[in-house]
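Welcome, and thanks for taking a look.

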Amino acid sequence: MQSKYIYPFTAILNQEDLKLCLLLNLIDPSIGGVLATGDKGTAKTTMVRGLSQLMGTDFPFVNLPIGATEDRVLGSINLEALINQKTTIVDKGLLAQAHQGFLYIDEVNLLNDYLMDVLLDASATGGYHLEREGISQWMDSRFCLVGTMNPEEGALRPQLLDRFGLSVTIQTPKDVKTRTKIAMQRLDFDSDPVTFYKQFETEEQTIKKQVLLAKQQLNTITISEIVQERCAALTIANQVEGMRADILLLKTARAYAAYLNQAEVTLEMVDTIAPFVLQHRAKEYTPPSDQDKETPSNRDNPTSEEETTTQNGQSTASFQLPKAVQQGLKFSAPKATKKQEIKLDTSSYQPSVSYPAQRQPEISVIKSIKNYLSTGKFTAIYQQANKKATANIVFLIDTSASMAIDQQIGYLKGVIEKTITAQPFKKVQYAIVGLQGTTAKIVQEFTSNTQQVSATNYQLKTGGKTNLGAAFFKVYELIRSINTQTVQLFVFTDGKINTGAQNPFQYAIDTYKKYLARIQKTTVIDTETGFVRLGKAQQLAQQLRLNYNTISDF
């Protein structure tokens, strides 16, 4: 007979950060869930299931598969009851089943865009309207969203990433004794789950009581003005957009104080939970320092030197367009009619009847029933849906150290700025991939907000080497879940690829062929200047059979 027990929450070793984040969300569900990123096989799923067991049978635990259909997620009409009993019965979807509990998504970064949108709406409003033929019903859906992912398999959509209140990075333990103890405990549990659980039963009940007591005391916790200023200073220092991070710092610190059975939030508590709130929202997370504690308000008035330099000596002042671009003049070009902007081809983007990846078409209930009544045989008839088309423009920018020569990066920013402000089309999204150190980074996810793209463009800095192979793979991560027929890629580079493999240039060629060959329109824009030129960017375009232009063409 199989045991009813699953692996105890308190028996899990070496994952204290994730355990704390989950407990804090139990104390205050409005924190908004936890995202666990990192290695596979580190007990992420086991931990969530164990916490559900710890809280009792009335605590929902719902696993949302990444390939789930809309009917499965939102709910649907029970066709059998409608046909046989002539009654309308609504089968609850996974979101409604997760009400007041956990909604768990493994590999959340692979979830298709449509289901992501549904999750965003439900998490923001605490429920959703189930609209089906003949019914319109509100479904309560307040849940703690717990997601796990491996960053190497793709980035998470920024809108969904920000919805996770806390984030934790999980790593495989390196200590021999720790690994040995984890493995032996698992063997003991598999051999005799009942006996193993009883060893931790007292500890499980203690944690449960601690959580329930903390929930009762939550609204009585005091938050001093010093703590409030500390939270604000941290979000400013880490350049976090919006006010969500400020609110979550206060909420999470308050929940932590309640968990510790303390009456007031302290600065030390804020410093403990700050990484969980900020590291997935800040562009470059900076841990709290002792200097931050002294006078948070002083950070609002930096010196002129602080405003213009960084640790590596690069300017952080707002980038200014070259005068030629500001005045709307043209760069030197063979033909005087050419303008300083990239021409985007949007003629091929027409609405078509299709469905997003992994999303199944919906059943037309009325048509299916009418067909059944007339033929005596039930056949599912599906609805038709039009998918709105969008042009997806990717700027891959070589921001290596060589681009600082002769203000090349400044002219590239000018070209991109003119491009995004000159396009009259509304159905255009932009993304930016840049080089960083010896690898590459997605510095701007797809967005139609041209002001946001412009701001990201201005903030680009030069430095590091040219790993174009890594940059091509980052482009693949951006577009892997969208129709490549809608993608146009513009590669700004001098072609001097100097890192990434034993043969960096060939590595870039091979990476493009493997991951990006399906893109219909890719243009290499050669940024090499000077009297003597190596022509590497042109070689790249020729070998990959891509469109080729020089920067002087713009």
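The lining of the second largest pocket draws at least two residues from each of helix 1 (16-27), strand 5 (101-106), helix 6 (113-125), strand 8 (143-149), helix 7 (158-163), helix 9 (193-217) and helix 11 (244-259). This is a predicted model, where local features need pLDDT of at least 70, side-chain atom pairs count only at pLDDT 80 or more, and totals for chains, interfaces and linings use all residues. Residues are numbered from 1 along each chain as its sequence is written, and side-chain values use heavy atoms, leaving out hydrogens and water.

**Pocket**
- Helix 11 gives the largest share of this lining, four residues. Helices (H or I, at least four residues) and strands (E, at least two) are DSSP runs, numbered from the N terminus.
- In all, 33 residues line the second largest pocket, and Pro29, Ser30, Ile31, Gly32 and Phe143 lie nearest its centre.
- By type, the lining holds 15 nonpolar, nine polar and nine charged residues; Ala, Val, Leu, Ile, Met, Phe, Trp, Tyr, Cys and Pro count as nonpolar, Asp, Glu, Lys and Arg as charged, and the others, Gly among them, as polar.
- A pocket here is an open set of points on a 1 Å grid over the protein atoms alone, where a 1.4 Å probe fits, with protein on both sides within 12 Å along at least five of seven lines; lining residues have an atom within 4 Å of a point.

- Six strands form an open sheet in the order 14-13-12-15-16-17, with mixed pairing (two strands pair if DSSP finds at least two bridges between them).
- Strand 14 (439-447) and strand 17 (547-550) are the edge strands, each pairing on one side only.
- Strand 12 (residues 391-397) and strand 13 (residues 428-436) run parallel, joined by seven bridges.
- Val394 stands opposite Ala431 in strand 13.
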